[in-house]
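Please open the model in a viewer and keep the selection tool at hand. The stops below proceed one selection at a time.

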Amino acid sequence: MDEQTHEHVRELIASVPAGRVATYGDIAALAGLSTPRLVGRVLKEDGFDLPWHRILPATGVPAAHLRTEQLERLRAEGVLAEGSRVDMRRYRWQP
DNA sequence: CGAATGACGTCTA
DNA sequence: GTAGACGCCATTC
């Protein structure tokens, strides 16, 4: 993965406003990536200083190891979850 | 150096 | 709601 794309992904994630969320697929498409999983990788490797909690899977249910903390952070921003699922239709960020 | 593996997903049936 | 296939790339063996 080249540096530019990596930075581009970081910029896009950083541009998601508080109180809104985006899917991995959204970020991948905007960054021109061929697969959404690369977004997840960028977050894992270099996402500690980004609002990673605003990035969710298309289903609205975060992966198990993140579920608790992510939903809690979102709730603090006003993004409410129904059980473990965030209502994507309502909070999804659209440029 | 080549092959196998893991990973914060998505789409279609 | 579940099940399977597809996909990319860094890391490890």
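How are α1 and α2 oriented to each other? The model on display is a predicted one. Begin by selecting helix α1, residues 3-14, together with helix α2, residues 24-31. Their axes come within 9 Å and cross at roughly 130 degrees. An angle of 65 to 115 degrees would count as roughly perpendicular and one over 145 as roughly antiparallel; α1 and α2 are therefore oblique to each other. Their crossing is right-handed. To view the contact itself, show the side chains of His8, Val9, Leu12 and Ile13 on α1, and those of Ile27, Leu30 and Ala31 on α2. By class, this contact comprises six nonpolar residues, one polar residue and no charged residue.

**Second stop: α2 and α3**

On the α2 side, select Tyr24, Ile27 and Ala28; on the α3 side, Val39, Gly40 and Leu43. Five of the residues in the contact of α2 with α3 are nonpolar and one is polar, with no charged residue.

Next, select threonine 23, which lies in strand β1, residues 22-23. Threonine 23 has a relative accessible area of 8% and is therefore buried. Apart from its neighbours within four places in sequence, threonine 23 is in contact with Ile55, Leu56, Pro57, Ala58, Met88 and Arg92.

From there, move to leucine 56, which is found in strand β2, residues 55-56. Is leucine 56 buried or exposed? Its relative accessibility is 0%, so leucine 56 counts as buried. Not counting residues up to four places away in sequence, leucine 56 touches Val21, Ala22, Thr23, Tyr24, Pro62, Gln70, Leu74, Val86 and Met88. For a distance check, select the C-alpha atoms of leucine 56 and leucine 43: they are 12 Å apart in space, and the two residues are 13 apart in sequence.

**Last stop: DNA strand C**

Finally, select DNA strand C and display the residues around it: Met1, Ser34, Thr35, Arg37, Leu38, Arg41 and Glu45. Of the atoms of DNA strand C that come within 4 Å of the protein, 65% belong to sugar and phosphate. Colouring the surface near DNA strand C by class shows two nonpolar, two polar and three charged residues.

Note on methods: Residues are numbered from 1 along each chain as its sequence is written. Chains are lettered from A and ligands numbered from 1 in the order in which they are written. This is a predicted model: local features need pLDDT of at least 70, side-chain atom pairs count only at pLDDT 80 or more; totals for chains, interfaces and linings use all residues. Side-chain values use heavy atoms; hydrogens and water are left out. A residue is near a molecule or strand if one of its heavy atoms lies within 4 Å of it. Ala, Val, Leu, Ile, Met, Phe, Trp, Tyr, Cys and Pro count as nonpolar, Asp, Glu, Lys and Arg as charged, and the others, Gly among them, as polar. Helices (H or I, at least four residues) and strands (E, at least two) are DSSP runs, numbered from the N terminus. Buried means under 20% relative accessible area, exposed over 50%, partly exposed in between (1.4 Å probe, protein chains only). Contact means heavy atoms within 4.5 Å. Axes are lines fitted to C-alpha atoms, for helices over the stretch in contact, and angles run from 0 to 180 degrees between N-to-C directions. Angles under 35 degrees count as roughly parallel, over 145 as roughly antiparallel, 65 to 115 as roughly perpendicular and the rest as oblique. A crossing is left-handed if the near helix is turned anticlockwise from the far one by less than a right angle, and right-handed if clockwise.
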